[in-house]
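Subject: Two-chain model, handover and findings

Hello,

Here is the structure for your files. My notes follow below it.

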Amino acid sequence: MSRAQTLTASPLKQAWLKWRFHLNILLILIPLGFMPKYFADAKLFRGEAGLGANIVRDIQVGPYSLDLAEMRDQEPQADGPAGFFKVFNAALCKACIQDVKATYLRIGKPRSLRAAGTIFFGAPYNMSTSLPIPPRTSPDAQIWITVEGWDGSMHQASVPLAQASPATVAWLKKQGGKK
Amino acid sequence: MKHLMRTFALPTLLLAAAPAMAHNPMCECEELASGQVKCTGGFSDGSGAPGVTLDVIGYDEQVLVGGKLGEDSTLTFKRPDGEFYVLFDAGPGHVVEVDYADIPQP
């Protein structure tokens, strides 16, 4: 058997060997399809697209004020056994940045400063926190903002959950008392 | 061997690029038959929480039981009378509260 004979393959095989190189182009085209989402996310995370959805402006918390928004207008996301979470963003007023030590968020009024809820982290102009949403939360619940100042003072204010995150309230109503 | 490495290189790289996981604190409590309550703390990325503070606090803000989670991330204590809540405290803003009404009785 000569060597030349073994190289004659079926037409299909020949086409594959000839054209498979061009699959490279696909490798460039596929990521291009994801670009719009990538840039939209990058814009959101950098704060160029604003604070988020359903912004509640100028919430007065004692002497301070802040803007609160949900990261995305969507229902709470599950995080395994830890339960459901919703990401909120907040921006402190420019004059309060120096005086505020920490900002907390909680569903329902906190029992104490120790249990004030989740803490906001990040730049004071665009802070984030993920707020646990207990599945049994009442749809007319309030979310409480606790601001702790460097002078040791503590100030609180509340916003209706229905105003800050309508999608969460819709989610709570939908699964009503299932858990 | 080389062939095997080539075959698995791409899947391995894809798996290695898994998204960063959040580590939200979590705490679960259950009542044992003997009137004891066992609480287990941890984080949602699967890590345990040995040595983390866990306090049992009455509705009047009196600390009834103050303790730290053991090596197995659990703490067992006698169920106090009246209304109370369990506070898993992994630092400011990293707390979980478990109300006494949410601790299932056997």
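Two residues are in contact if their C-beta atoms, placed from the backbone, lie within 7 Å. By that test, and leaving aside neighbours within four places in sequence, Gly67(B) is in contact with Leu54(B), Leu75(B) and Phe77(B).

First, the ground rules. This is a predicted model, in which local features need pLDDT of at least 70 and side-chain atom pairs count only at pLDDT 80 or more, while totals for chains, interfaces and linings use all residues. Residues are numbered from 1 along each chain as its sequence is written, and chains are lettered from A and ligands numbered from 1 in the order in which they are written.

Chain B

Helices (H or I, at least four residues) and strands (E, at least two) are DSSP runs, numbered from the N terminus. Chain B has one helix and seven strands. Along the sequence the pattern is α-β-β-β-β-β-β-β.

A residue is buried if 20 or more other C-beta atoms lie within 10 Å of its own, exposed if 12 or fewer, and partly exposed in between; the C-beta atoms are placed from the backbone. Of the 106 residues in chain B, 26% are buried. Among contacts in chain B between residues at least 6 apart in sequence, 49% join residues at least 24 apart.

Strands pair if DSSP finds at least two bridges between them. An open sheet of three strands in chain B has the order 1-2-5, with antiparallel pairing. Strand 1 (25-31) and strand 5 (74-78) of chain B are at the edges with a single partner strand each, so one side of each has no neighbour in the sheet. The twist averages 20 degrees from one strand to the next; axes are lines fitted to C-alpha atoms (for helices over the stretch in contact), with angles from 0 to 180 degrees between N-to-C directions. Strand 2 (residues 36-43) of chain B pairs with strand 5 of chain B over five bridges, in the antiparallel sense. Within that strand 5, Lys78(B) stands opposite Gln36(B).

Strand 6 (residues 84-89) and strand 7 of chain B are also antiparallel, again with five bridges. Val98(B) in strand 7 is the bridge partner of Val86(B). The hairpin of these two strands has five residues between them, and there Gly91(B) takes a positive phi near 120 degrees. Strand 7 (residues 95-99) of chain B is largely enclosed by the rest of the structure, because four of its five residues are buried.

Back to Gly67(B), which lies in strand 4 (residues 63-68) of chain B. Gly67(B) counts as partly exposed, with 14 C-beta neighbours inside 10 Å.

Chain A

The domain assignment of chain A gives domain 1 (11-46) and domain 2 (53-174); such bounds come from an automatic or database domain assignment. The C-alpha centres of the two domains lie 40 Å apart.

Four strands of chain A form an open antiparallel sheet in the order 6-5-8-9. Strand 6 and strand 9 (154-160) of chain A are the edge strands, each pairing on one side only. Strand 8 and strand 9 of chain A pair over seven bridges, in the antiparallel sense. Met154(A) in strand 9 is the bridge partner of Glu148(A).

Cores

A nonpolar core is a set of buried Ala, Val, Leu, Ile, Met, Phe, Trp, Tyr and Cys residues joined through C-beta atoms within 7 Å. The largest has 28 residues, and Leu68(A) and Phe88(A) are among those with the most contacts inside it. Strand 4 of chain A gives the most to this core, with five residues. A second, separate core of 23 residues includes Ala82(A), Cys39(B), Ala90(B) and Val95(B).

Interface

15 residues of chain A are in contact with 11 residues of chain B. The chain A side divides into eight nonpolar, four polar and three charged residues. Here Ala, Val, Leu, Ile, Met, Phe, Trp, Tyr, Cys and Pro count as nonpolar, Asp, Glu, Lys and Arg as charged, and the others, Gly among them, as polar.

Backbone points to check

Asp58(A) is not a glycine, yet has a positive phi of about 50 degrees. Asp58(A) lies in strand 1 (residues 53-61) of chain A and counts as exposed, with 9 C-beta neighbours inside 10 Å. Ser73(B), also not a glycine, has a positive phi of about 65 degrees. Ser73(B) is in the loop between strand 4 and strand 5 of chain B.

Best regards
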